[in-house]
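Dear colleague,

I am handing over the structure below, together with an account of what was found in it. Please read the notes with the structure open beside them.

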Amino acid sequence: MQGGQLQERAHWLALAPALHIEDQSLFENVAYLELSPQLAAQFKDDGYLQASTDWCLDLGRMADIVRALSAAKLSPLFAFVYDEFWHPFFRMRPLLGALLGGSYCLLPEFWILNVDPKKGEAGWRPHRDRGRRALLDDGSPKSLTAWIPLSTSTSLNGCLYIVPAQQDPTYATADEAEMKFDYQSIRALPGHPGDFVIWNQALFHWGGRSSPHAAESRVSMAIQFQRADVPAFDSPLIDPSRVPPFEARIKLIARQLYRYRHIYELDPTLISLACEQLDQSYLVPARAGAGESLAPAGRLIPDNSSSWAKVGRNEPCPCGSGKKYKQCHGALG
């Protein structure tokens, strides 16, 4: 990709003519998702919920553009330039608000994966997103992750695995970095387009490794959220009632890629763009709770590393980079 094309709306629309950028009609008269008593009970007991809906989107086409970006050696994260990739999370607003106890914000932390079985790829290694610091004293969540498969997710192409909170003996404890759960407590969460999974960020989870016998790659996307009345885990916090404009999307994507630059090689244009934005408030931030100020951006490596189990220096890094720990997060510590 030429440097200038990165910020050209016309380039992205030509790449996926059936998708949209800043088409406000897509966000009007939407059918919002509500929290049912059954899902609320599952979330309280297990720390996660899984359900299904009709997103009213062509998820197959969305998965195709993610795969096309991968084939072009571009990060699948660039699919977030399109409205369709924000739309499901916009529809989740009442559901997320109910889980988070009221007003909440989007965190500038999101991802898209295309787990390719032909390459033996895997999802993220076992981890807790933030661990027990993501919980209030009563066990309710300060922050959440919402995950959506855009293609069929199976045990052969790396589906999601979790350990339910009530079956995890170190959940929300000082020993949360230890994996002491019984293997039979591990729960596989295969999914289909239209499904979604939401978990609190103290929950232990990971993506499986794919098999060459899988029928297709596993394409999925995720965004993180936090309560508006607690100190920001990251900044800028984003108003969930307004989808970021195109220019802000590009900067958010560049920033997120820069955070994970120790895993993925970046084009110099992207690095330059990201560096320009790291110390700038390029979005109108959502308001923090009464008396709270927005926290500055944190360190540029995934902030869940403190909740990993003890890792040997020659073992694979838990971040999923494929490198040895001593060559990845171990070298950054």
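I begin with the second largest cavity, whose lining, sorted by class, has eight nonpolar, no polar and three charged residues. Please bear in mind throughout that this is a predicted model. The residues that line this cavity are Trp86, Phe89, Phe90, Arg93, Leu106, Ile238, Asp239, Pro240, Arg242, Val243 and Pro244, and the volume of the cavity is about 70 Å³. Counted with a threshold of 30 Å³ or more, the cavities come to two.

As for the protein as a whole, its secondary structure consists of eight helices and nine strands, and 54% of its 333 residues count as buried. The protein exposes about 14800 Å², of which carbon and sulfur atoms supply 49%.

An α-helix has 3.6 residues a turn, so residues three or four places apart point the same way.

Most residues other than glycine have a negative phi, and most peptide bonds are trans. Cys56, although it is not a glycine, has a positive phi of about 60°; Cys56 is placed in the loop between strand 1 and helix 3 (59-71), and with a relative accessible area of 57% it is exposed. Lys73, likewise a residue other than glycine, has a positive phi near 60°; Lys73 lies in the loop between helix 3 and helix 4 (87-91), where it is exposed with a relative accessible area of 75%. The peptide bond that joins Ser235 and Pro236 is cis, with an omega of about 5°, and Pro236 is found in the loop between strand 9 (218-227) and helix 6 (246-259).

A last point concerns Ala16, whose place is in the loop between helix 1 (9-15) and helix 2. Is Ala16 buried or exposed? Its relative accessibility is 7%, and because the cut-off for buried is under 20%, Ala16 counts as buried. Leaving aside residues up to four places away in sequence, Ala16 touches Ile65 and Tyr82. Ala16 and Ala79 are 63 residues apart in sequence, and their C-alpha atoms are 9.6 Å apart in space.

Notes
Residues are numbered from 1 along each chain as its sequence is written. This is a predicted model: local features need pLDDT of at least 70, side-chain atom pairs count only at pLDDT 80 or more; totals for chains, interfaces and linings use all residues. Side-chain values use heavy atoms; hydrogens and water are left out. On a 1 Å grid over the protein atoms alone, a cavity is a set of points where a 1.4 Å probe fits but cannot get out, and a pocket is an open set with protein on both sides within 12 Å along at least five of seven lines; lining residues have an atom within 4 Å of a point. Grid points are joined across faces, edges and corners, and a volume is the space filled by probe spheres set on the points. Ala, Val, Leu, Ile, Met, Phe, Trp, Tyr, Cys and Pro count as nonpolar, Asp, Glu, Lys and Arg as charged, and the others, Gly among them, as polar. Helices (H or I, at least four residues) and strands (E, at least two) are DSSP runs, numbered from the N terminus. Buried means under 20% relative accessible area, exposed over 50%, partly exposed in between (1.4 Å probe, protein chains only). Accessible areas come from the Shrake-Rupley method with a 1.4 Å probe; for residues, only the protein chains shown count as cover. Contact means heavy atoms within 4.5 Å.
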